[in-house]
Amino acid sequence: MWNNIFEKLRKRMTLMYAFIFGMLILLVVGVTYCLVWYAVLMHEKEGLVAQIYHEAEEYVATEEAPVSDVAIKNGSMLAFLVKPDNKTVLLDQLQGADAGDTLKDHREDWPEADNTAQMLRVRDDVGERYRYLAAVAPVKDGDKVIGRLYMFKNMEFYYDAARETLLMLLCIALLLFIPACLLGYWLSKRSIRPIGLMYEKQKQFTADASHEMRTPLAVLNLAVQGLLEDSESKYSPFAAETLQMVKTEVGRLRNLTDTLMELARRDDLGLPVKKCEVDLVALISRVTAQFSLVAERKQQRIINDVPERLLLHGDADSLNMLLIILLDNAVKYSPAASEIILSAEMKKDTVILKVADQGIGISDADKEKVFDRFYRVDKVRSREQGGLGLGLALAQSIVRLHRGKIAVSDNKPCGTIMQVTLPK
């Protein structure tokens with residue numbers, strides 16, 4: 001069974017693959033469109049220059065105008081003939097066309113070198129846009145150059161066709177993107193499967209090892225306890241201290257195995273839980289009472305800031321463990337004569353729990369890692385306090401089990417706030 005963490009990873013990988021495939025498809029579409037448009041434009045440029053030579057020959061031979069009146073009227077083709085000095089006009093076939101005056105106003109944009117062509121994108125005074133392909137070539141009478149002929153071809157048809165082609169290519173790209181997403185989903189599943197299998201084996205090993213360790217640790221704990229309570233035996237101070245140290249470390253190992261087993265059980269968020277209506281106020285009061293004696297030894301004060309009534313649909317045992325973990329951390333890492341505030345409130349359809357202490361706080365770099373297993377901010381101090389680096393990992397697992405969120409923030413001027421948001 002897939003773990004929820006791997007489902008999220010699979011979704012992310014699917015999005016990543018879909019993004020990559022989408023970019024590749026768009027790249028292919030873009031390159032194809034540009035190459036086709038470039039080929040069409042080059043062909044039209046060559047064709048327009050060749051047409052100028054043809055029309056120039058006919059003009060010299062018969063004085064027939066390069067462009068017909070119909071072409072001028074609809075603006076499909078225009079011409080302009082000047083002497084070689086590029087100033088004296090011999091034939092003006094821009095007059096009578098809507099774009100004629102506008103093209104004249106942009107004469108500095110016309111091609112300068114003979115046998116060249118370029119696109120002109122111009123607008124008139126009222127904002128009307130015109131797109132013409134302009135080309136120029138010399139007009140010769142025998143070996144003598146008698147002028148330069150400019151011809152302008154309306155390219156609006158090609159732009160309209162290009163837009164339709166681009167739209168068609170984008171539709172094809174969209175159709176290809178759908179199977180690309182399905183392919184990405186399939187690839188992500190194949191990519192994650194080995195990791196998922198390894199994770200399942202590791203989780204099973206953790207659960208089995210923890211289970212197998214519980215019995216010998218229980219026996220060892222009883223044996224050490226029996227030796228410590230044996231009043232007939234006389235131990236040296238060193239032996240007594242050693243036995244006490246062994247008992248402490250056995251206790252740490254038991255806590256570790258119990259926590260590992262709990263984590264192994266909760267790793268699969270699909271496991272059914274006993275959800276019911278939980279009186280959160282009563283639960284908070286009960287857990288606070290348990291920690292009051294521990295807090296009093298350090299001259300700490302636990303303050304409850306909760307409403308008179310607050311109900312939550314969830315697993316009572318898991319929520320009880322969550323509160324114990326958060327309060328235990330707050331008490332452990334808060335200085336003497338400090339306050340720990342446990343608050344709860346309802347906002348819309350969510351319950352917000354906060355445990356605020358006045359400890360040394362957690363750096364921004366450590367905030368991202370405190371929920372990792374076996375991660376401890378201050379390893380020396382955590383070991384002195386008996387911390388295993390598993391409490392917040394277990395807390396996060398419980399919160400996810402309830403489809404909530406847990407976050408850590410600074411408590412000004414000092415300390416840490418652990419905030420849990422749970423759906424009601």
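Helices (H or I, at least four residues) and strands (E, at least two) are taken here as DSSP runs, numbered from the N terminus. By this definition, lysine 274 falls in the loop between α5 (237–266) and β6 (275–279). The model is a predicted one, in which local features need pLDDT of at least 70, side-chain atom pairs count only at pLDDT 80 or more, and totals for chains, interfaces and linings use all residues. Residues are numbered from 1 along each chain as its sequence is written, and side-chain values use heavy atoms, with hydrogens and water left out.

We may begin with the whole chain. The protein chain holds 10 helices and 12 strands. Of its 424 residues, 38% count as buried (buried means under 20% relative accessible area, exposed over 50%, partly exposed in between, with a 1.4 Å probe and protein chains only). The accessible surface of the protein chain is about 25100 Å², with 58% belonging to carbon and sulfur atoms; such areas come from the Shrake-Rupley method with a 1.4 Å probe, and for residues only the protein chains shown count as cover. Among contacts in the chain with a separation of 6 or more, 66% join residues 24 or more positions apart, where contact means heavy atoms within 4.5 Å.

Lysine 274 itself is exposed, at 71% relative accessibility. Beyond its neighbours within four places in sequence, lysine 274 is in contact with Gly314, Asp315 and Ala316. Between lysine 274 and glycine 314 the C-alpha to C-alpha distance is 7.5 Å, although 40 residues separate them in sequence.

Next comes the sheet. An open sheet of 5 strands runs in the order β2-β1-β5-β4-β3, with antiparallel pairing (two strands pair if DSSP finds at least two bridges between them). The edges are taken by β2 (89–92) and β3 (116–123), each of which has a single partner strand, so one side of each lacks a neighbour in the sheet. Within the sheet, β1 (residues 77–82) and β5 (residues 144–154) pair in the antiparallel sense over 6 bridges. Valine 82 has arginine 148 of β5 as its bridge partner.

Arginine 148 also takes part in a salt bridge, with aspartate 114, the closest N and O atoms being 2.8 Å apart. Aspartate 114 lies in the loop between α3 and β3 and arginine 148 in strand β5, so this pair ties together parts 34 residues apart in sequence. Arginine 148 is buried at 11% relative accessibility, while aspartate 114 is partly exposed at 34%. The whole structure has 7 salt bridges, each defined as a side-chain nitrogen of Lys or Arg within 4 Å of a carboxyl oxygen of Asp or Glu.

Another of these joins glutamate 44 to lysine 153, with the closest N and O atoms 2.5 Å apart. Glutamate 44 counts as buried, at 11% relative accessibility.

A nonpolar patch of about 990 Å² includes Met16, Phe19, Leu24 and Leu166 (patches are made of residues with over 30% relative accessible area and no salt bridge, like charges being joined within 9 Å and nonpolar side chains, namely Val, Leu, Ile, Met, Phe, Trp and Tyr, within 5 Å). Both α1 (4–62) and α4 (156–229) supply at least two residues of the patch, and α1 gives the largest share, 9 residues. Leucine 24, in helix α1, is partly exposed, with a relative accessible area of 45%.
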